[in-house]
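Here are my notes on the model, as numbered points. Have the structure open while you read, and click through the residues as they come up.

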Amino acid sequence: MVAAADVPVRLSANASVTALESVDVRAQISATVKAVHIKEGQSVRRGDRLFSLDVRTEDANLGEAEAQVAKSRADLANAERNLQRQHELFKQKFISQTALDTVQNQVDSLRAQLAADMAAAESSRVARGFGDIVAPIAGRTGAVAVYPGSLVQPSGPPLVGITRIDPINVSFTLPERELGALQAAFATGPVTVTAHFDPPGQPALEGRLSFIDNSVDSASGTIRVKASFANPDGRLWPGMFVKVSLSPRTLGGALTVPAQAVQTGPEQKFLYAIGEDGKVKAVPVRVLLVQDGIALVEGAGVVAGMRVVLEGAQNLRPDSEVKEGGNETGNEPGQAKKKKDKS
């Protein structure tokens with residue numbers, strides 16, 4: 001029987017799991033590793049210390065830079081006192097303007113030198129800070145590539161990789177025809193995305209749509225989207241594949257029939273509708289969607305409550321007389337059997 005119902009349109013896609021954040025930790029200075037504070041596969045928080053480097057060279061450079069700052073500050077102070085005296089002499093007409101300008105230029109040069117020395121000291125202080133390597137993000141560490149005594153350099157390989165797995169992203173693509181409905185649903189509120197695991201039977205996970213790409217792939221006619229999932233138990237892992245489903249739109253008052261009721265003719269699809277007299281007629285339809293064994297159809301002659309033939313349609317022709325199958329014949333309700341002609 002044709003029924004009217006609000007049907008959520010469910011979209012399914014194959015998806016890949018991607019980390020929300022992933023960082024390769026590298027050394028910023030050339031030094032030897034003094035200590036390794038983590039283990040492979042360990043969970044770390046942002047700011048946790050990962051490695052300590054031997055920074056005795058940086059300590060010496062910083063001390064030298066700070067000493068140079070002190071010297072430049074003392075030279076500047078002496079030059080400023082001398083400039084003050086030269087101003088008094090200039091007011092009494094004991095020195096010329098040229099002599100005063102020479103002293104003023106010396107003060108200006110020393111001020112610039114002090115600024116340069118302070119910048120050099122700060123640079124050495126920053127380099128000294130690179131001796132303690134900390135986690136830039138929270139996540140799970142990968143393989144540790146160095147040990148105490150290893151020489152590390154800025155241009156060398158990563159010391160360790162950190163991947164954030166909670167929350168985690170799932171990336172997939174959808175047909176571009178769904179873009180309008182997807183954007184509308186995304187704008188009005190959270191869109192639930194369900195991740196299904198293989199083999200079947202495992203509990204599914206629910207996440208939220210988090211990203212719609214800013215362009216459609218013209219080669220495939222698809223739009224790339226992402227969903228974010230809470231992943232405290234690590235069921236989703238970067239690089240794995242899952243199947244996802246979501247329902248961004250609902251067809252209100254759609255006419256539905258069991259999918260097996262839809263017949264395919266030489267020119268179009270149709271239903272065998274059963275009239276009050278028990279005879280069938282072919283009603284052309286257009287199939288909008290098929291999901292979960294239900295077909296959403298539309299057509300000029302299709303109305304809610306109309307009885308249709310589910311099985312045995314291959315033996316029928318328009319104006320064939322049918323009767324409903326019953327349990328006494330071994331048929332399920334809703335089936336139809338063509339009446340035999342009396343001899």
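1. Thr 250 and Pro 8 are 242 residues apart in sequence, yet their C-alpha atoms are 4.1 Å apart in space. Leaving aside neighbours within four places in sequence, Thr 250 is in contact with Asp 6, Val 7, Pro 8 and Val 9, where contact means heavy atoms within 4.5 Å.

2. A word on what you are looking at. This is a predicted model, in which local features need pLDDT of at least 70 and side-chain atom pairs count only at pLDDT 80 or more, while totals for chains, interfaces and linings use all residues. Residues are numbered from 1 along each chain as its sequence is written, and side-chain values use heavy atoms, with hydrogens and water left out.

3. Now the whole chain. It has three helices and 18 strands. Its radius of gyration is 39 Å, well over the 20 Å that the globule rule gives for 343 residues, so the chain is more spread out than a compact globule. (The radius is taken over C-alpha atoms, and the rule is 2.2 Å times the number of residues to the power 0.38.) Along its principal axes, the C-alpha trace spans about 145 × 55 × 30 Å.

4. How much of the chain is buried? Of the 343 residues, 35% count as buried, meaning under 20% relative accessible area; exposed is over 50% and partly exposed is in between, with a 1.4 Å probe and protein chains only. The chain exposes about 20,100 Å², and carbon and sulfur atoms supply 50% of that (Shrake-Rupley method, 1.4 Å probe; for residues, only the protein chains shown count as cover). Among contacts with a separation of 6 or more, 71% are between residues 24 or more positions apart.

5. On charge, there are 38 positive and 38 negative side chains, and the centres of the two sets lie 2 Å apart. Lys and Arg count as positive and Asp and Glu as negative, with His and the chain ends not counted; each charge is placed at NZ of Lys, CZ of Arg, CG of Asp or CD of Glu.

6. Strand β1 (residues 3-25) holds Ser 16, which is partly exposed at 25% relative accessibility. The C-alpha atoms of Ser 16 and Phe 172 are 6.6 Å apart, although 156 residues separate them in sequence. Beyond four places in sequence, Ser 16 is in contact with Asn 169, Val 170, Ser 171, Met 240 and Phe 241.

7. Follow that to Asn 169, in strand β8. Asn 169 counts as buried at 8% relative accessibility. With neighbours within four places set aside, its contacts include Ser 16, Val 17, Thr 18 and Leu 20, as well as Lys 226 and Ala 227. Pro 167 is also found in β8, and a cis peptide bond joins Asp 166 to Pro 167, with omega about 0°.

8. Which residues of helix α3 (residues 179-188) are buried? Leu 179, Ala 181, Leu 182 and Ala 185 are. Seen down the axis of α3, its buried residues fall within an arc of 165°, so they line one face of the helix; the arc is that of the directions from the helix axis to the C-beta atoms. They pack against β8 (160-175), β10 (205-217), β11 (222-229) and β12 (241-258). The face turned away from the buried side carries the exposed residues Ala 187 and Thr 188.

9. Next, Lys 93, in the loop between α1 (56-91) and α2 (97-129). Its phi is near 70°, a positive value in a residue other than glycine. Lys 93 is exposed, with a relative accessible area of 70%. Over in helix α2 you will find Ala 99, partly exposed at 28% relative accessibility. Ala 99 and Gln 86 are 8.3 Å apart, C-alpha to C-alpha, and 13 residues apart in sequence.

10. Last stop: Ser 52, in strand β4 (residues 49-53). Ser 52 counts as buried at 7% relative accessibility. Not counting residues up to four places away in sequence, Ser 52 touches Val 33, Lys 34, Ala 35, His 37, Gly 131 and Asp 132. The C-alpha atoms of Ser 52 and His 37 are separated by 7.8 Å, with the two residues 15 apart along the chain.

Note on methods:
Helix = DSSP H or I, 4+ residues; strand = E, 2+ residues; numbered from the N terminus.
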